[in-house]
Amino acid sequence: MNTHIIIVGGGFAGVRTALDLAHRFRHTDTIEITLISNYPFFEYYPAMYRVVTGSSPMRVQIPLGDIFEHTRVRLVHDTVERIDTATKTVICEGGETYVGDMLVLALGSEMNYFNIEGLEQVSFNFKSVHKALELKKHIHQLFERARPEEVDETLVALNFLVVGAGPSGVELAGELALYARALAQKHNIPESFISINLIQASSRILPTFPEEVSARATQRLRMLGVNVLPNRTLIQGKSWTALLKDMNMGTRTIIWTAGVKTNNVFQSLVDHFEFDGKGRVIVDEYLQAKGHEHIFIAGDNAATPFSGLAQTALYDGAYIARSIEAHVLGKKKTLYTPRPVAFDVPVGPGWAALVIGNRTFYGRLPWLVRHIIDFKFYLSILSLPKAWRAFFARNEII
């Protein structure tokens, strides 16, 4: 009898698990692989900020059908409504039910607004292609409607707040500073009307990085014209105003990058799984939900030291595929060992900070390395022609 593996989630961990399993069992039909995703495509989030600032959506949105072409992975486009952990059953909104021998829950994270009044209603994010395009359209409309003679209103309209100075916020702020200037030139708006503000609650940007990296990134952002504002906490968001603890700022654009939380699907599993203080599922030494054999938790929702990062999600997916292969073949499974990750953070075109262990590098070379890493990932999930077309899709002409 075949072993049926159900993978829930079409992000980094889910795609890696499914691809690796398909490769490992390519010469046998002893397993069935079903991947359930609420989207028919994979989204490459590390480059999503570029969609906001002019990159083609084709560069970050890859059809799952292209990824799993010529494999035996069954793709299901549906939204998960409920999971029965006892029977390893996944119930979807479309009415279909899927029963597996093993479950891999790789659902990814969701935006966390920390109950800040009005924030979810008035803010933008770029967690998905849809959201990134929505933000880009909003920015274009602000410049199209701007009138230099209406000074007060234009200053507010072109005052952009990026709240959260982790890698995503820093990457967007650096690109947005130059993109906004290009839009201003196109619409004959003086650049002096533009303000890009990067808001961070802690005392420095990139707070989880070494202080030197924070200082160099701050210097680079200020050189690009970004106002870096540490020690500022957003307490309320309104359609024309952002209220901080010590000041108010008039704005039409609050871009939220300051928090994520465990996927909402896990709310129905609070009586079945154990969770840590961050709401992540506690896992055993095999990356299985504690007390639940053959239910793996991958990526953002697992309580592991480096979860929340794309590199960790890929690492988790590869590990789970090896563990499932060992189980099916009756071999001994290896223990899960968390692996430290490297960071490569672009700060505007042509400059990045690369952190590998205790070593740091800055400038154009790390920026090129980041693009090489991105392209290498595309090659790991697509054929060379398809990877080339996706990665080098033509950018928007302003």
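Predicted model: local features only at pLDDT ≥ 70, side-chain atom pairs only at ≥ 80, totals over all residues.
Me: I take it that two strands count as paired if DSSP finds at least two bridges between them; how many bridges join strand β21 to β22?

Reply: As a general idea, the strands of a sheet pair through backbone hydrogen bonds, and they may do so in a parallel or an antiparallel way. In this structure, strand β21, which covers residues 352-356, is joined to β22 by five bridges, and the two strands run antiparallel. Within that pairing, L354 has F361 of β22 standing opposite.

Me: In what order do the strands of that open sheet lie, and which are the edge strands?

Reply: The open sheet is formed by three strands in the order β20-β21-β22, with antiparallel pairing. β20 (343-346) and β22 (359-363) are the edge strands, since each of them pairs on one side only. If direction is ignored, neighbouring strands of this sheet are turned against each other by 10° on average.

Me: Turning to another part of the chain, how should I read the faces of strand β7: which residues lie on one side and which on the other?

Reply: The general idea is that side chains in a regular strand alternate between the two faces of the sheet. In β7, residues 89-92, T89 and I91 are on one side while V90 and C92 are on the other, and all of them are buried, so that both faces of the strand are covered.

Me: With which strands does β7 pair, and in what sense?

Reply: Strand β6, residues 80-84, is joined to β7 by four bridges and runs antiparallel to it, and here C92 of β7 is the bridge partner of V80. β7 also pairs in the antiparallel sense with strand β8, residues 97-99, over three bridges, where T89 has V99 of β8 as its bridge partner. The hairpin of β6 and β7 has four residues between the strands, and K88 takes a positive phi near 55° there; the hairpin of β7 and β8 likewise has four residues between the strands, with G95 at a positive phi near 100°.

Me: Is R280 buried or exposed, and what does the side chain of R280 reach?

Reply: R280 belongs to the loop between β18 (260-262) and β19 (295-297). Because the cut-off for a buried residue is under 20%, R280, at 16% relative accessibility, counts as buried. The side chain of R280 reaches the backbone oxygen of T304 at 3.2 Å. When neighbours within four places in sequence are left aside, the residues in contact with R280 include T262, E274, F275, D300 and S307.

Me: How are two packed helices described, and at what angle do α10 and α11 pack?

Reply: In general, two packed helices are described by the angle between their axes and the distance between those axes. Helix α10 (residues 364-381) and helix α11 (residues 384-391) pack at an angle of about 140°, and their axes are 9 Å apart. Since angles over 145 degrees would count as roughly antiparallel, α10 and α11 are oblique to each other, and their crossing is right-handed. On the α10 side the contact is made by H371, D374, F375, Y378 and L379, and on the α11 side by L384, A387, W388, A390 and F391.

Me: At roughly what angle do the axes of α1 and α10 cross?

Reply: The axes of helix α1 (residues 12-24) and α10 cross at roughly 45° and come within 11 Å, and the two helices are therefore oblique to each other. F12, V15, R16 and L19 of α1 meet F377, S380 and I381 of α10.

Me: Finally, where does F114 lie, and with which residues is F114 in contact?

Reply: F114 is in the loop between β10 (109-111) and α4 (119-122), and its relative accessible area of 46% makes it partly exposed. Apart from neighbours within four places in sequence, F114 is in contact with W256, A258 and G259. The C-alpha atoms of F114 and V260 are separated by 9.2 Å, although these residues are 146 residues apart along the chain.

How values were computed: Residues numbered from 1 in each chain as written. Heavy atoms only, no water. Buried < 20%, exposed > 50% of the residue type's maximum accessible area, 1.4 Å probe, protein only. Polar contact = N/O pair within 3.5 Å; in protein donor to acceptor, adjacent residues only side chain to side chain. Contact = heavy atoms within 4.5 Å. Pairing = 2+ DSSP bridges. Axes fitted to C-alpha atoms, helices over the stretch in contact; angles between N-to-C directions. Parallel < 35°, antiparallel > 145°, perpendicular 65-115°, else oblique. Left-handed = near helix turned anticlockwise from the far one by under 90°.
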